[in-house]
Amino acid sequence: MDITVAYFHPLLHAEVVKHDFEQIRAMGAGSIVYAIHEQEAQRWPRDLERGFRQAQDAGLKVYLSLGRYGNLFAGPLVVPSWYTFHHPKSRVMDRHGRYHDISCFNHQSFRAWLFKEIEHYLRTYPINGILLDEPRGPDITCFCSVCRALCPDVADIHRFRRRSMIDFLGEICACVKRAEAHAKTTIVLLPQDLGQVDELAALPYLDTIGGHLFWQWLHEDVSAVEQWGRTIVEVTRQHDKRSQLWLQNFNLDEAGEQELELAFGHILNAEPDEVASYYYWRNNEDPARVWQTTRRLLRRIPRRQLHWQFPLASY
Ligand SMILES: [Zn+2]
């Protein structure tokens, strides 16, 4: 069972980053997720390059999450997408003619821009793959001119939206593999979107499906974690994909913290390929204690390889 840790912290202070990565690696993690927002590659490319190298020097693979690109994915900062802001005509339009603050993925110009960004990251930085965080589902059916042209039958437009979203996500994965054949692709879903797991698992260029099993954030009983986890693990196994189950070690008060161990047990019972959690992530009542608990729990996972070496040619 592999361990992934989301590192949603600045890469600007090299000494701090080095310390953090060593701690994450010592805990048994093999990879980190770093979320990039659109402006970062323009404003601090050297810090990204150095930070990702530091991760790899520490023995950690780097997966890049496209934070709020087109406002279609989640990201640690609640900031609007620059692309969507600068291309208001790319926005989703509902049946009443109202625009919403997300770019419609059926716009060729939006897709072309996004694919170019992905290629740029994979070819410029030492990273091992791309992670798509909670892609926005077909919650709003788009009636923009592009969608209407692609689906002239209005009665079918809701189903069309769903189909075209899966197609779009599949194309992103194909784009990743074209740019870098060894790069890995991951899509992480919220429990309410688990209805998409079967279709996603059939995508040929998708490697891993993850689940944000955030029982406390979603006001569910902690036992739901196991049921959500099992759904993902079963479907991914059938399709020879990997599963990645996320432990909610954020937004916890003392009572929530006491359920952390239970949640972890439920995740282990589901037997995923990977367990994922966060390094000092937001809004915990006692951040240091939550991290200590996370470390203690993750150390219980038997480690397959004690000394993992990064193959030089494979990023
Ligand atoms: Zn549209």
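Select strands S8 and S9 (residues 242-246): they pair in the parallel sense over 5 bridges. Two strands pair here if DSSP finds at least two bridges between them. Strands (E, at least two residues) and helices (H or I, at least four) are DSSP runs, numbered from the N terminus. Zoom to Thr-208, whose bridge partner in S9 is Arg-242. Now trace the chain from S8 through helix H9 (residues 224-238) to S9; this β-α-β crossover is right-handed. Right-handed means that, with the strands pointing away from the viewer, the path from the first strand over the helix to the second runs clockwise.

A word on the source: this is a predicted model, where local features need pLDDT of at least 70, side-chain atom pairs count only at pLDDT 80 or more, and totals for chains, interfaces and linings use all residues. Residues are numbered from 1 along each chain as its sequence is written, and side-chain values use heavy atoms, with hydrogens and water left out.

S7 and S8 pair in the parallel sense over 4 bridges. Ile-187 stands opposite Ile-209 in S8.

Stay on S8 (residues 208-212). Are its faces covered or open? Both are covered: Thr-208, Gly-210 and His-212 on one side are buried, and so are Ile-209 and Gly-211 on the other. Buried means under 20% relative accessible area, exposed over 50%, partly exposed in between (1.4 Å probe, protein chains only).

Next, select the zinc ion. Cys-104, Cys-142, Cys-144 and Cys-147 coordinate the zinc ion through their SG atoms, at 2.3 Å. Donors are N, O and S atoms within 2.8 Å of the metal (3.2 Å for Na, K and Ca); water is not among the atoms, so sites may look incomplete. The site is tetrahedral, with angles of 97 to 118 degrees among its 4 donor atoms; the class requires all angles of four donors to lie between 85 and 135 degrees. Ideal tetrahedral angles are 109.5 degrees. In sequence, the donor residues are spaced C-x37-C-x1-C-x2-C. Cys-104, in the loop between strand S5 (99-103) and helix H5 (108-124), and Cys-144, in the loop between strand S6 (129-133) and helix H6 (145-150), link distant parts of the chain, 40 residues apart. Cys-104 counts as buried because its relative accessibility is 0%. Cys-144 is buried too, at 5%.

Terms used:
Four donors count as tetrahedral if all angles lie between 85 and 135 degrees; four count as square planar and six as octahedral if opposite donors are over 155 degrees apart and all others between 65 and 115; anything else is irregular.
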